[in-house]
Amino acid sequence: MTPDRLGALLGYPPTPVGTWAEAARYISPLVRAGVSIEDLRAADGIADVEIQPSGLLLVTVTLPGEHVAELEELPHLASCTWPDRPRTWDNPGFVVKYAYSRAVAVARWGAQLEVPMSGFRPELLDGVEDRGVLRMLAELPSRRSSRDPRWEAFAERLAGAYHDAHERAPATPVGDEPAGEVHTARLWLARAVRVVLGALSAEVPPDRM
């Protein structure tokens with residue numbers, strides 16, 4: 001269940017909540033007319049729907065990684081700018097631009113190591129770091145509908161999550177490790193990060209840093 005599909009069911013773009021380390025959850029204030037809570041619970045891709053004391057709906061989805069496949073291309077969303085230097089972790093500009101260049105690099109390395117892009121299995125993006133990136137990417141629909149999407153802060157947080165994934169959940173084989181389906185899934189995740197960061201930048205970030 002992707003956030004866009006869930007939004008179509010609910011009648012309003014849902015907002016991801018929590019860390020997604022264990023479960024992928026969204027919160028929403030509305031249900032589209034003609035759709036009942038029972039309908040939502042029976043929908044393919046929804047594991048549970050809870051009504052909170054506030055009246056909001058807490059929706060748990062079964063396969064959070066599906067929306068990565070929808071992010072192969074993306075319209076330009078914003079023209080955020082960040083300083084290029086200093087190239088240190090204290091500079092948000094470096095964090096964002098380096099995340100973009102890392103996402104580009106793993107695609108290049110993946111091709112060299114013959115990691116296939118075919119056969120994407122979203123269920124393999126189940127590690128804590130993978131889910132951290134998925135959680136950030138799932139914010140796109142709700143931010144697009146917001147009057148104040150705060151794209152710059154979002155890009156910085158997405159970049160930070162991707163750096164964690166890049167370092168702790170490699171998208172390419174390490175050492176003598178054979179290429180596997182999990183690497184394919186992580187290459188798709190890296191591509192989604194590259195597409196989104198590019199769509200938020202005033203200029204295309206550098207491929208290499």
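This report walks through a predicted model of one protein chain, from its overall build to a few local details.

## Overall build

Let's start with the whole chain. Its secondary structure amounts to seven helices and four strands, and along the sequence these elements follow the pattern α-β-β-α-β-β-α-α-α-α-α. The radius of gyration is 18 Å, close to the 17 Å that the globule rule gives for 209 residues, so the chain is as compact as a globular protein of that length.

If you are thinking about box dimensions, the C-alpha atoms fill roughly 50 × 40 × 25 Å along the principal axes. Of the 209 residues, 47% count as buried.

## The four-stranded sheet

The strands form an open sheet in the order E1-E2-E4-E3, and the pairing is antiparallel. Strands E1 (15–17) and E3 (46–51) are at the edges; each has a single partner strand, so one side of each is left without a neighbour in the sheet. On average, neighbouring strands are turned by 30° against each other, with direction ignored.

Strand E2 (residues 24–28) pairs with strand E4 (residues 57–61) through five bridges, in the antiparallel sense. Within this part of the sheet, Tyr 26 stands opposite Val 59 of E4.

## Helix H7

Helix H7 covers residues 181–199 and makes a handy check on geometry.

## Aromatic pairs

Searching the whole structure turns up six aromatic pairs. One of them joins Phe 120 and Trp 188: the ring centres are 4.7 Å apart and the planes meet at 10°, under the 30 degrees that counts as stacked, so this is a stacked pair. The pair links distant parts of the chain, with Phe 120 in the loop between helix H3 (92–112) and helix H4 (128–137) and Trp 188 in helix H7, 68 residues apart. Both Phe 120 and Trp 188 are buried.

A second pair has another geometry. The rings of Trp 151 and Phe 154 have centres 5.8 Å apart and planes at 75°, so they are edge-to-face. Both residues belong to helix H6 (residues 151–168), where they sit three residues apart, about one turn of the helix. Trp 151 is buried at a relative accessible area of 9%, and Phe 154 is buried at 0%. Elsewhere, ring pairs connect Trp 89, Phe 94 and Tyr 98 into a cluster.

## Backbone details worth a look

For anyone setting up backbone torsions, there is a cis peptide bond between Arg 85 and Pro 86, with omega at about 5°. Pro 86 is found in the loop between E4 and H3.

Two non-glycine residues with positive phi also deserve a glance. Trp 20 has a phi of about 70° and lies in the loop between E1 and E2; its relative accessible area of 1% makes it buried. Arg 150 has a phi of about 50° and is placed in the loop between helix H5 (140–144) and H6. With a relative accessible area of 57%, Arg 150 is exposed.

Definitions and conventions: Residues are numbered from 1 along each chain as its sequence is written. This is a predicted model: local features need pLDDT of at least 70, side-chain atom pairs count only at pLDDT 80 or more; totals for chains, interfaces and linings use all residues. Side-chain values use heavy atoms; hydrogens and water are left out. The expected span of a helix is 1.5 Å times one less than its number of residues. Two strands pair if DSSP finds at least two bridges between them. Axes are lines fitted to C-alpha atoms, for helices over the stretch in contact, and angles run from 0 to 180 degrees between N-to-C directions. Rings of Phe, Tyr and Trp (its six-membered ring) pair if their centres lie within 6.5 Å; planes under 30 degrees apart count as stacked, over 60 as edge-to-face and the rest as tilted. Buried means under 20% relative accessible area, exposed over 50%, partly exposed in between (1.4 Å probe, protein chains only). The radius of gyration is taken over C-alpha atoms; the globule rule is 2.2 Å times the number of residues to the power 0.38.
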